[in-house]
Amino acid sequence: SGNMGDGVSLQFRHQLLLIDENLGAEDVAALKFLCTDLIPFKKLEGVQSAVDIFQLLMAADYLNEEDTFLLAELLYRIKCHFLLSKLGYTKEKVQECLHEKGRVSPYRQMLYELSENITSEMLKEIIFLLRNRLPKRRRTISALELLILLEKQGLLTENNVQMLEEVCMNVSPDLLETVNCYRRAKGARLGSLNIFPHKFGRAVPNLHYCIILHLVTVHLRLHPSYKEAPLSSSFSKITQSLRAHTSITEVLNKFSEAVSFFFSFLQKMSSYKMDGPQRGFCLVINNVKFDGVLQERKGSYKDAGELERVFTWLGLDVKTYTDQTSGQIKELMQTWQHLKDHKDRDCFVCCILSHGESGAIYGKDGELVSIRTIMSHFTAKQCPQLAEKPKLFFIQACQGKEIQRPVYVEPDARIPDFSSMQQSISPSESIPEEADFLLGMATIDGYASFRHVQQGTWYIQALCSKLQLLVPRGEDILSILTEVNEDVGRRVDRCGTKKQMPQPAYTLRRKFIFPIPRDPPPS
């Protein structure tokens, strides 16, 4: 782990190593970025781990045993709140001290927030827009790397974010608002929008309006739901108001309103209805202790607690059941299958945390229950109250044989290697053959999934993290699960030898988008 210097006590060194062990490559990249104003680029380029960053901070007198606030601030900024306790801080305590002791500049905070909100599709668009200003590179770069590159070329500075504004204006209004908030906080005045050549004069807004209205009308008429859902009066008001304004700035503002309405209209037409009086139920079955040869699933309570917090935040009524036998699991499914209260709810979610084999999960009694059997209780025929409503199942369990276990990571698989292995079953075979189901599996068929004995499973922790990050941005569930795949796929155990890849299967007919909660994410 490298030498941290003779002046560093063993206890403090141990604290830093514990923090390092809980940070992945993505976290290290974020820490590097946030330290860019504190430590020279050249020194940061050689960083391979969090320990390297800690050493640089200590060498520059930003971090020592008596003052660990900067490190606490950095962990807070990258949302690793669970590590703050190792430094004697809480999330609330850091928030209290930020105004007085915070060292990460508003500029750096803004850039980091921007990078967190840039999706992979947005990043491709931004790189395309900047293609003539960027060096020709073969490998793909992250949003953070792109921002660093722009800074190195002098195209982006604390006092000059004009290029960033221009790019964000073309890619995403939300990104632009992040930059504008920074500009407003600095007290800078936003320049007037100079999009059209002056030679067009006052005729441009009317021409611009005609083009906009024509495009919006054509798109709406092409939409399959147009006949059933004609333009609302609110859209008519926007278009009338648009005609009444002749200045370019006024036209652009009204155009922004029209486009926002237009896209929200299309999204509603192509998404599941999620505006009922109550969101739905979420079942969490958390099997931790087992009879016989199956080992205790340490760390699973962390997963169950996180699922309860996140799905409660999303508006669902969460019910948790611990250590259920195979018979109890089947009985539970039958009970919830016949529940009349599903009628007034938008969706149904079921999360199962247990040991497993291909296409099945273990009850506390060591008996297998087929995933297909569990899901089939909620088909339209078996559960008419949930007909045509989305039904989401998330399974945290191995789908294959045991592998060698490292020190801090355990597989959610059965420990003995039985000679009579059951037939391999893929997620697509587990899912019922009718519409409106989604099955999120922690791993592909035939492979183990991993669980940290203190921090929980890679899959569930990534799922909860991405739901909190991406639901407020309006992302649909399949886009979120793609990000979960990317997150889990990047992780390795501390020995660097074990990897995992989740696998979703679905028969959803529309986009499933959770309404954005009013409250901030729970963690």
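Predicted model: local features only at pLDDT ≥ 70, side-chain atom pairs only at ≥ 80, totals over all residues.
Residues are numbered from 1 along each chain as its sequence is written, and side-chain values use heavy atoms, with hydrogens and water left out.

**View 1. Helix α8 packs against helix α10.** Helices (DSSP runs of H or I, at least four residues) and strands (E, at least two) are numbered from the N terminus. The axes of α8 (residues 120-129) and α10 (residues 162-171) lie 10 Å apart at an angle of about 130°, and the two helices are therefore oblique to each other. Met-122, Glu-125, Ile-126 and Leu-129 of α8 make the contact with Val-167, Asn-170 and Val-171 of α10, where contact means heavy atoms within 4.5 Å.

**View 2. Helix α10 meets helix α11.** The axes of α10 and α11 (residues 173-186) cross at roughly 150° and come within 6 Å, and α10 and α11 are therefore roughly antiparallel. From α10, Leu-164, Glu-165, Cys-168, Met-169 and Val-171 meet residues of α11 that include Pro-173, Leu-175 and Arg-183.

**View 3. His-342 sits in a loop.** This loop runs between α16 (326-337) and β3 (345-353). With a relative accessible area of 1%, His-342 is buried, a word that means under 20% relative accessible area, against over 50% for exposed and in between for partly exposed (1.4 Å probe, protein chains only). Leaving aside residues up to four places away in sequence, His-342 touches Phe-281, Trp-336, Phe-348, Cys-383, Gln-385, Leu-386 and Lys-389.

Methods: Axes fitted to C-alpha atoms, helices over the stretch in contact; angles between N-to-C directions. Parallel < 35°, antiparallel > 145°, perpendicular 65-115°, else oblique.
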